[in-house]
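Please look at the sequence and the structure before reading on.

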Amino acid sequence: MKNNRWVILIASTIINFCITIIYAWSVFSGPLMELFGWSAAATALTYTIANAVSPVPMIAGGKILNIFGPRKTVLCCAFLFGGGLFLSGFAKSVGWLYVTYGICCGVGMAVIYICTISNTIRFFPDKKGLASGILTAGAGMSSIVAAPVAQMLIDAKDVLFTFKVFGLVYFAIIVMCALFLEKAPDVCGGCVGHSGDDNESCGNIGENGTGEYTTFEMLKSPVFYLLICIYAIGACGGLMVISQTSNMAQEMIHVSAQTAAVGVSLVALGNTVGRLFWGTVSDKVGRYNVLPVIFILMAVFLFIFSGSSEGQWVRFVLSLVMIGISFGGLLSIFPAVTTEIWGAANSGSNYGLMFCGYALGSFIGPRIAVTCRDMTSVPYSVGLIAATCLCVIGAVLCLILRHGIKKI
């Protein structure tokens, strides 16, 4: 089983690359509005639905994974995700897209993602951060690689044709990769301070007498609520910038839409690099030592970013990339932290619930940015200062977490 773990990691990473195409929604939204004359708000609701539905199927996906294993679960959800993307190519109303792209793709992506993340990390009790970093970096690469390809297809044909092509191609790739997946062994793969494979030697004991915690037991832990607040704060700060990068570039430093698109690619690249870098570093120096550093860096560069003005492209890009690198670390560290504290057996459901913090931050961060922009004369600066303050609070909470974990 251990000899196959790298094959499983590669297959899972390719799957994650495919399913996160839904985050490249901005590539599809403009052509759809142009083709059908839909409003920006009505079209954007498709993407909102795809994100909003993810926490519930993630939690359920962890249970489904434990019952049916990753191969069957991913194969079934490949039909849901690939089919939803393909059927989006037959849209004639925005309501159709809400169902196909928003619900079908959103649910399919959520279940597949939690399967690939939680199952694969169990194979790497010695390298959780590295495995998590590679898996999440694969997801981050999608917007860098697939988005330009989608744009070329849209330019050559149209957006509906592009949906059909991606639906068929990604369905085939996910199915092929799913055949290489295997269920991880049922061992205590990573409680705090535990590196062995036998449950009896583990000091982290759940109510069932083993080193594993159910989701209900996790909810009784004060550490869970501290972590979910930290995750929400980090997501709020990072996604405030990532979701508005193009608009910020055009309104803060007055560059063209084409130049702003470069900024979008750079923050996506930084985000991807950060997932791999911080995941690897956290294996070496400890995840609870890395988390405060990430938040301090985010706070510093959010503050620098907030002062960017016309003609300061270098300052804008440098701070933008560093925010992306810092934020990327959260997405690689939190799956590993969840597995370390509450064990591997229920890591799918447990991380699915933990991901609610990310979902909350993904809603609050962009809303703060847009609201502050509309209410003040300085575009986005007030919202970015607010995010800076939140990240300072996040750093303090991380220090409290580290102290609490040491006491445990």
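Tyr231 and Tyr351 are both buried, where buried means under 20% relative accessible area, exposed means over 50% and partly exposed lies in between, with a 1.4 Å probe and protein chains only. The model is predicted, so local features need pLDDT of at least 70 and side-chain atom pairs count only at pLDDT 80 or more, while totals for chains, interfaces and linings use all residues. Residues are numbered from 1 along each chain as its sequence is written, and side-chain values use heavy atoms, with hydrogens and water left out.

**Aromatic pairs**

The whole structure holds 19 aromatic pairs. Rings of Phe, Tyr and Trp (its six-membered ring) pair if their centres lie within 6.5 Å; planes under 30 degrees apart count as stacked, over 60 as edge-to-face and the rest as tilted. Two of the pairs are tabulated here.

| Pair | Centre to centre | Angle between planes | Type |
|---|---|---|---|
| Phe28 and Phe163 | 4.7 Å | 35 degrees | tilted |
| Tyr231 and Tyr351 | 6.5 Å | 35 degrees | tilted |

Tyr231 belongs to helix H9 (residues 222-242) and Tyr351 to helix H14 (residues 347-375), so their pair ties together parts 120 residues apart in sequence. Helices (H or I, at least four residues) and strands (E, at least two) are DSSP runs, numbered from the N terminus. Tyr231 and Tyr351 also belong to one aromatic cluster with Phe327, Phe334, Phe355 and Tyr358.

Phe28 and Phe163 are buried as well.

**Charges over rings**

The charged end of Lys157 sits over the ring of Phe161, 5.7 Å from its centre. Lys164 lies over the face of Phe90, 4.3 Å from the ring centre. A charge sits over a ring if NZ of Lys or CZ of Arg is within 6 Å of the ring centre and within 35 degrees of the ring normal.

**Helix H13**

Helix H13 (residues 313-342) has 30 residues and spans 44 Å from first C-alpha to last, close to the 44 Å expected, which is 1.5 Å times one less than its number of residues. Of the 30 residues of H13, 24 are buried, so the helix is largely enclosed by the rest of the structure. At Ile333, shortly before the proline Pro335, H13 has a kink of about 30 degrees, the bend being the angle between axes fitted to the seven residues ending there and the seven starting there. Gly343 follows H13 and has a positive phi near 85 degrees.

**His254**

His254 is not a glycine, yet its phi is positive, about 60 degrees. This residue, His254, is in the loop between helix H10 (245-252) and helix H11 (257-285).
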